[in-house]
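Reader: I have a model open and want to go through the contacts. Can you walk me through it?

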Amino acid sequence: QVQLVESGGGLVQAGGSLRLSCVASGRTFGGYRMGWFRQAPGKEREFVATITWIGGGTYYADSVKGRFTISRDMAKNTVYLQMNSLKSEDTAVYYCTAGPIGTSYKTPNYWGQGTQVTLSS
């Protein structure tokens, strides 16, 4: 049973930084891509970033490119999302995801429970 457990969310001022973590367990993730999605109040869930577990190749949504960085620590089975220059529109619940390479990054198989990120002005 794959489990994805996020942490690191909280209240942060606009312009600040936050790092989210996701501990993954339940299988080996070779051949998988890990990712982050978010859902703001009243909006649809949207893709944020993805990284391949073995190769480390990354891809970002245009809205976060240059501000967010996704990374992984294979020894710790952990995926990170470093968020810098945060804006009010980054307020959302952030979800960690996992899915096999070869399937769409837009529809991952596994989801964490989410962690809230709230920007204050």
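Author: Start with Gly114. Gly114 has 16% relative accessibility, so it counts as buried. Buried means under 20% relative accessible area, exposed means over 50%, and partly exposed is in between (1.4 Å probe, protein chains only).

Reader: What are the ground rules for numbering and confidence?

Author: The model is predicted: local features need pLDDT of at least 70, side-chain atom pairs count only at pLDDT 80 or more, and totals for chains, interfaces and linings use all residues. Residues are numbered from 1 along each chain as its sequence is written, and side-chain values use heavy atoms, with hydrogens and water left out.

Reader: Where is Gly114 placed?

Author: Gly114 is in the loop between S10 and S11. Helices (H or I, at least four residues) and strands (E, at least two) are DSSP runs, numbered from the N terminus. Gly114 and Leu86 are 28 residues apart in sequence and 18 Å apart in space, C-alpha to C-alpha.

Reader: How many bridges join S2 to S11, and how many join S9 to S11?

Author: Four bridges join S2 (residues 10-13) to S11, and these two run parallel. Val12 has Leu119 as its bridge partner in S11. Three bridges join S9 (residues 92-100) to S11, and these run antiparallel. There, Val93 has Gln116 as its partner. Two strands pair if DSSP finds at least two bridges between them.

Reader: What about S7 and S8?

Author: Six bridges join S7 to S8, which run antiparallel. Arg72 has Val79 as its bridge partner in S8. S7 and S8 form a hairpin with four residues between them. Asn77 in that turn has a positive phi of about 50°.

Reader: Switching topic. How many disulfides are there?

Author: One disulfide, taking a pair of cysteine sulfur atoms within 2.5 Å as the rule. Cys22 and Cys96 form it, with their sulfur atoms 2.1 Å apart. The link is left-handed, with -80° about the S-S bond.

Reader: Which parts does the Cys22 and Cys96 pair tie together?

Author: Cys22 lies in S3 (residues 18-25) and Cys96 in S9, so the pair ties together parts 74 residues apart in sequence. Both cysteines are buried.

Reader: Which residues in the largest nonpolar core touch the most other members?

Author: Met34, Trp36, Leu81, Met83 and Tyr94, out of 33 residues in that core. A nonpolar core is a set of buried Ala, Val, Leu, Ile, Met, Phe, Trp, Tyr and Cys residues joined through side-chain atoms within 4.5 Å. Elements giving two or more residues to the core include S4 (32-39), S5 (46-52) and S8 (78-83).

Reader: Now aromatics. How many aromatic pairs?

Author: Nine. Rings of Phe, Tyr and Trp (its six-membered ring) pair if their centres lie within 6.5 Å; planes under 30 degrees apart count as stacked, over 60 as edge-to-face and the rest as tilted. Tyr59 and Tyr105 have ring centres 5.4 Å apart and planes at 70°, so that pair is edge-to-face. Tyr59 lies in S6 (residues 58-60) and Tyr105 in the loop between S9 and S10 (110-111), so the pair ties together parts 46 residues apart in sequence.

Reader: Is Tyr59 buried, exposed or partly exposed?

Author: Tyr59 is partly exposed, at 43% relative accessibility. Tyr105 is partly exposed too, at 26%. Next, the rings of Tyr95 and Trp111 have centres 6.1 Å apart and planes at 75°, so that pair is edge-to-face. Tyr95 counts as buried at 13% relative accessibility, while Trp111 is partly exposed at 31%.

Reader: Which residues form the aromatic cluster?

Author: Phe37, Phe47, Tyr59, Tyr95, Tyr105 and Trp111 form one cluster.

Reader: Where does Arg45 lie?

Author: Over the face of Tyr95, at 4.1 Å from the ring centre. Arg45 also lies over the face of Trp111, at 4.6 Å from the ring centre. The test is NZ of Lys or CZ of Arg within 6 Å of the ring centre and within 35 degrees of the ring normal.

Reader: Last one. What does the side chain of Arg38 contact?

Author: The side chain of Arg38 makes a polar contact with the side chain of Glu46 (2.6 Å). Another polar contact, of 3.0 Å, joins the side chains of Arg38 and Tyr94. A polar contact is a pair of N or O atoms within 3.5 Å; within protein, one must be able to donate a hydrogen and the other to accept it, and residues adjacent in sequence count only if both atoms are side-chain atoms. Arg38 is in S4 and counts as buried at 4% relative accessibility.
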